[in-house]
Structure formats: structure tokens, C-alpha cells
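Work through the exercises below with the sequence and the 3D structure at hand. Each task is followed by its solution.

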There are 2 protein chains.
Amino acid sequence: MSTDLLSIGAFARLCRLSVKQLRHYDELGLLPPKRVDAATGYRYYGRDQVRDAMAIALLRGFDVPLSSIARMLGGDRGVQDAVLRAEQRRLEERIAAQRRAWQALERLVAEGLLHQEVALSREPERRLLVCSAECAPEEIGAAMGRCVEQVTAAAAGLEWSPPLWGRFPVDLRERVAVAVGVAAPTAAPVPGTRVEHLPGGLAATALHTGPYEQLFLTYQAVFAWVHERALRPRGSVYEEYLDDPRTTDPAGLRTRIVVPLHEEE
Amino acid sequence: MSTDLLSIGAFARLCRLSVKQLRHYDELGLLPPKRVDAATGYRYYGRDQVRDAMAIALLRGFDVPLSSIARMLGGDRGVQDAVLRAEQRRLEERIAAQRRAWQALERLVAEGLLHQEVALSREPERRLLVCSAECAPEEIGAAMGRCVEQVTAAAAGLEWSPPLWGRFPVDLRERVAVAVGVAAPTAAPVPGTRVEHLPGGLAATALHTGPYEQLFLTYQAVFAWVHERALRPRGSVYEEYLDDPRTTDPAGLRTRIVVPLHEEE
DNA sequence: CCTGGTCCCTCCCCCCGTGGGAGAGTCCAG
DNA sequence: CTGGACTCTCCCACGGGGGGAGGGACCAGG
């Protein structure tokens, strides 16, 4: 039984792994040979190691990292399932990210790299009814939705101009805000909302047509345009939502991007 | 104009790249600074390099390799589109592979790692009407389909037993074949098909239930079982398709896997 | 003019998993 | 006993960076 040992080459052929891989897994302690000749360093594997080796080959085929494989080989069925589930979730996220990347590439093919039209404009002062929230970068959609609800509820009794506004800090990861313009000075806003005075002034603006998910592409173009001209962004960036996402096809959603600038020439 | 140069740090902040990245891109010749101070080695970038730098940042965000980005920056619009399209196709393939991996992981969670039941059996001799084809590994499905058509057409006038067979070389990448069993010795097979005698004998068999795409999982389990017992596969492996993929849900498709073995104990 | 803080330089090592190759030693069948 | 196939260790490479050491450069304030 224990005399029936395989050399690394024979074992590699059986398990469809390369000799290099087996040596690497030995180094990591992932699959140490059953016996190592002390004099020559030759590695000898047992038949009962075939199953583990083939499991490694299988999982590596799905790009499961060796560290996860190590946890699985060392654990019982419960651990294995947990690790597999975790790998599945990682895979889901990667797939989602790659689908977004695919869509973005599609748009880049359609309109070229950072070629959107950008204009210099002078924005008027605005009085806004604001609801803001702090959120992680991937929850922006949900946080925005909640703010929209609050702000439209608060504005229901007031006189307000239709386009909805969103404000974002330039470096992200701070506070996002949703606002509507209000005509008259308002005395008692609903709790959670407040009235803010948005100063006007010089700004770079661009019109993004397409899903909100791809807004960042137009932002990138606007910032390229701004920095090329040695203009300096000032404070937070904001967006004007010209269409209603509930009634407009995402591909046709128009959003006006506004990047406020310092006045100096 | 040319006096308005930015230090690497300032340029990095503008373009949302790290200083390390910019130095790396310089080394690769991807984005050499407009001026490098000969005495100090300090890198200075021009405003007109912001666009390229931001394009790099954007594309790296989609995991486009730097070599592809280099081709795009050096090329005109046509080249850019071609490279973008190529990246899209690479992305599609990766997504498809990852979805297959996800499905496979799902199956592994359901039934454990390489835990299928395997049995030792003695297969009878068989006389088969065979159609074979050479094909790349990813076209196996299509090649099999064509063979199935040919073989069923050829067998239409004959007396044949229902289960369809598929044969594959162990190391793949050779010839695949589709066959049906025929009862009587047949004289004149349709061109492109021939009658073969499949020797019987010892074999390891397992029943795979699920889509053909995941057959390799059960194969892996069978080979693990075989090699653990120091049995030696002999010649090509074959499969018996017990259900009709046109009328059965893929999740329920039963396939009997047969791995012929050398007789010795 | 000096000084200190912040910038920037190069160089090296690290990640992950694997392939390639050099140079030397080992195994086994003829 | 010999030759070819096998195996060993050690180093380098990939891609796309991050981290940090050690040392020079820049610039504003005193």
C-alpha cells in the first residue's frame, strides 16, 4: 500500500497538473507529498492524494485562489460549502463589474474616448430645498432614491421648479444630496431637509445622454476638458436630471452635469 | 504655454492616478512626461497630457491591459474602435467562462467535491454505427450535433437500439465520435459513417445528471476514483445519452459515463 | 540666507500563480 | 555501465501595481 508511491511526473500526468504546480503546492503546504526522500529531495505521492490534487485542478480551473482551496482541503463539508459560496459571490460581483465595463466600452466605441462636448457657462444663483445623506460609494443609487422621496415629499406643498438636482463631492465618499429649486424663501422645511443657497458663477457643463450608471464617463470628459484649460473646480459637482427615470428609457435619459469653477482666468 | 508644467504629484491628483502609476507608464513609454529635468530626474507633465492620462485611468478601470491602451493612444479613431471591440470580445468570453464557473460551483455546493458514486462494471461488446469528426475543444457541441444528424440519418433504415453514444479520446483534442448500436452486421453504411466493433471489458462507470456542460465534473470524479485504486484507463472514454436533450430539461439530463480499464488487478 | 516640511528621485521587495530555463544530481532499462 | 529520461534547486519573467528605504530638490517663512 504505502509502497505504491508515484513520482512527481507520473502523479502530475494522472491529475492533469504540471510538475511546477505540484512543487508550488508543496511549498505552500497545500499538498505535501506523502514522502520526500531525504537524500535526493525526490517527491513521492500516494494514490490517496489524487482526489485532493484533482480537486485543486478543478477549482483552479474556476480561478479559485489557492488560499481558498487550502481552506477547503483542510475543512469539513460545512467549511467547504461556505468557501464555495463565498467564491460564488466574488464571481457574481466580478461578472457584474465586467458587464458594466462592457456597456461602458460599448459607449466608448459609439462616441470615442472622452470626446463629449463641454461648454463654459455662467450658472445663476439658486435657492434649493436639500436632503443629504452619507453613503458608501456602491449605495449611491439607493441613498439618492431615499433623498428624492424625502425632498419631493417636503416640496409637495411648495412652489418648486421641476428639474431635480443631485450634488456630489468631487472626491466622492462624502455626502450626497438631492435638491429641488424653491421659488420663495421657505420657513419650515420638513425635518431631514433644509433650504440652502447655491451660489452661481462660472462652471463647465455637459449633457450626458444615457443611463446614470455611465455618468462617470461624461464626468471624466468634463474634467479632462477643465484641466486641459487650467481651470480649477470649486467645491461640489452637481447634476440636473432633465428626464424622469421612471418614464424614460435609460438609454435616452438626459442629465446636465455642472462643474463649478473658480472665477480667475 | 509650455511654461505651465505640472509636477508628477499635481498631475497625479488631476488625473486620479497614483504617482507610482505615472512613473510606470513613463517607463513603458506609454505616457512620457513632456519634460524631464536632466539634472534631478524630476518629471513635468503638460496640460495637454491630461486627456491621455484620464483615458488610461478610465480604461484601466475596465481592466484593459496597458498594451492595448498603448495601441489605442498611438492610433487613430479606427484603431481605437478596433481595440475597444477586441477588448469587448475578450470581456464577453471571460463573462461566459465565469458564468460556467458559477454554475459549476453551484453544483459542487449541491453535491460536494468529487463525491459522485462510481461503480466497476463489465461492459458487453458492442457493434456501433459511427460518425466521427475532428474539432477544436470549444466546438465539441456543434461537431457532436452534426455527427448525431449523420448517424441517425444513416441508421434510419436499420434496426438500432435507442441510446446514443459519444466517444472521446482521454486527452481530448483528437477525434470525437457519435454512434448508435446496430443489431445486425450492416453492409453498406452511408458515406461518412462506418461500422465499428467496440470491445467490452472492465470499466468504471458513473451516472451524471445535469447539463452536458458539466459532464467534466463527473469525469473528474470518475478519474479520481480510478486513479485512487491504481486502475489504468484504456483507450477512449465514452458516454451513453439516456435522455433526449430536445425534450428533457438540462438539469435532469442523465448521461452514463464509461471509462474502459485494463483488465489486470 | 537658512531651515523645515513636503515633494521627488531611484532601487528593491512584495503580491498571485505559473512558465521557462540553467546546472547538477538520480533513476532505471538495455 | 551507460545513456536518456527524470528530478532537484535556484533564478527570472509576466502584469500592474503597493510599500518603504535612503537620499536629493523645491519652496515658503523667518
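**Exercise 1.** How many residues does the contact take from chain B and from chain A?

Solution. This is a predicted model, in which local features need pLDDT of at least 70, side-chain atom pairs count only at pLDDT 80 or more, and totals for chains, interfaces and linings use all residues. Residues are numbered from 1 along each chain as its sequence is written, chains are lettered from A and ligands numbered from 1 in the order in which they are written, and side-chain values use heavy atoms, with hydrogens and water left out. Contact means heavy atoms within 4.5 Å. Chain B gives 50 residues and chain A gives 50 residues.

**Exercise 2.** State the area that chain B and chain A bury between them, and count their salt bridges.

Solution. Buried area is the accessible area (1.4 Å probe) that two parts lose on being put together, summed over both. Here about 4900 Å² is buried, 65% of it on carbon and sulfur atoms.
A salt bridge needs a side-chain nitrogen of Lys or Arg within 4 Å of a carboxyl oxygen of Asp or Glu. Between chain B and chain A there are four salt bridges. One of them joins the side chains of Glu106(A) and Arg85(B), at 3.2 Å from N to O.

**Exercise 3.** Which element provides the largest share of the side of chain B that touches chain A?

Solution. Helices are DSSP runs (H or I, at least four residues), numbered from the N terminus. Helix 3 (50-61), helix 5 (77-111) and helix 7 (215-228) of chain B each give two or more residues. The largest share, 22 residues, comes from helix 5 of chain B.
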